[in-house]
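Okay, thanks for having me, everyone. Let me put the structure up on the screen, and then we'll walk through it together.

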Amino acid sequence: MIKLLIADNHPITRKGLEALFSASNNIEIVASVDDGEAILDYVKSNPVDIILTETDFPKLNGLTLLRYLKEDYPNIKTIFFSAQPEEVYAINAIRAGASGYIHKSSNVLTVNEAILKVYDGDMYLSNKLTQQLAFGTKSKTSDGFYKKLSTREAEVLKLLTVGKKNKEISKELDINEKTVSTYKARLMRKLKVNNLVDLINQAKLNKEVKNLENSI
C-alpha cells in the first residue's frame, strides 16, 4: 500500500483528495496537512512514500520544501499538484527534486496514474510538457523566460510575488539578505525592468498571459 501525504492550504481540495482515495486498493492517505512546515513535522516521525503537495504556502514554499526533503528524507518522493502553469514551474520543480507535476485541472485518472508511476520510480509530467522537453519546442508566450531561471531565482521570484520582504526571503531560503538582493538584480535584468514593482507586475503578467491563452 502506497503511503500518501496530502498537503494543500485549501480544505476543499484536501477533502476532495481524501474522498478520491478513500476506496483505493493501493493508495492510503496517511495524513492531510495545510502547509510546508506541517509536512516536515509529519515526516519526522511517520513513514511516507509520496507527498502530493501544492506549491504555494504561506509557510515554507514548495521549492524550498523540496530542498529539505531531498537532504533529510531522500526516499520520499514529491509530486506537485498546483494551479500554477506547468510551463512556468514544472521544470524548476523537477530540477529541485520533484518527481512529478500535475495541474489541478487534471482529471482523477491522471492524479492516480501519476502517483503509481512515481511510486514505481518514474517521473510524471504531462504529455505536452514531455514533448516540449524531448523536441525542444518553445512556448509562444513570454513564459519561455521562466525556463531560463535557475531554481534559486525561481524561488526568489515566487516569494517576491507573494509580498515577501528581503529579510523574510533570506530566512526562508537560508541565505543572507545581500544574496537576495543579488538575485533580485539578476531577475530585473532578465525581465528588463528597473524596480521591484515592475518586476512583480511583469512576473504576474506573464502568468496571466499563459492562463488567458489556456482558456481560449
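Asp35 sits in the loop between β2 (27–33) and α2 (36–43). Keep in mind that this is a predicted model, so what I'm showing you was computed.

Is Asp35 buried or exposed? Its relative accessible area is 12%, and the cut-off for buried is under 20%, so Asp35 counts as buried. And what does its side chain do? A polar atom of the Asp35 side chain lies 2.7 Å from the backbone nitrogen of Ala38. If we skip the neighbours within four places in sequence, Asp35 is also in contact with Phe57 and Lys59.

Now compare that with Ala19, which is in helix α1 (residues 11–21). Ala19 has 52% relative accessibility, and the cut-off for exposed is over 50%, so Ala19 counts as exposed. Also, Ala19 and Ile29 are 10 residues apart in sequence, and their C-alpha atoms are 9.9 Å apart in space.

Okay, on to the strands. Let's take strand β1, residues 2–7. How many of its 6 residues are buried? It's 5, so β1 is mostly covered. β1 pairs with β2 in the parallel sense, over 6 bridges. If you want to find that pairing on the screen, look for Ile6, whose bridge partner in β2 is Ser32. And β1, α1 and β2 together make a right-handed β-α-β unit.

β1 has another partner too: strand β3, residues 50–53, runs parallel to β1, with 4 bridges joining them. Here you can look for Ala7, whose bridge partner in β3 is Thr53.

Let's keep going across. β3 is joined to β4 by 4 bridges, and these strands run parallel as well.

What about β4 itself, residues 77–82? Of its 6 residues, 5 are buried, so the rest of the structure largely encloses this strand.

Last one: β4 pairs with strand β5 (residues 100–103), again in the parallel sense, over 4 bridges. There, Ile79 stands opposite Gly100 in β5.

How values were computed
Residues are numbered from 1 along each chain as its sequence is written. This is a predicted model: local features need pLDDT of at least 70, side-chain atom pairs count only at pLDDT 80 or more; totals for chains, interfaces and linings use all residues. Side-chain values use heavy atoms; hydrogens and water are left out. Helices (H or I, at least four residues) and strands (E, at least two) are DSSP runs, numbered from the N terminus. Buried means under 20% relative accessible area, exposed over 50%, partly exposed in between (1.4 Å probe, protein chains only). A polar contact is a pair of N or O atoms within 3.5 Å; within protein, one must be able to donate a hydrogen and the other to accept it, and residues adjacent in sequence count only if both atoms are side-chain atoms. Contact means heavy atoms within 4.5 Å. Two strands pair if DSSP finds at least two bridges between them. A crossover is right-handed if, with the strands pointing away from the viewer, the path from the first strand over the helix to the second runs clockwise.
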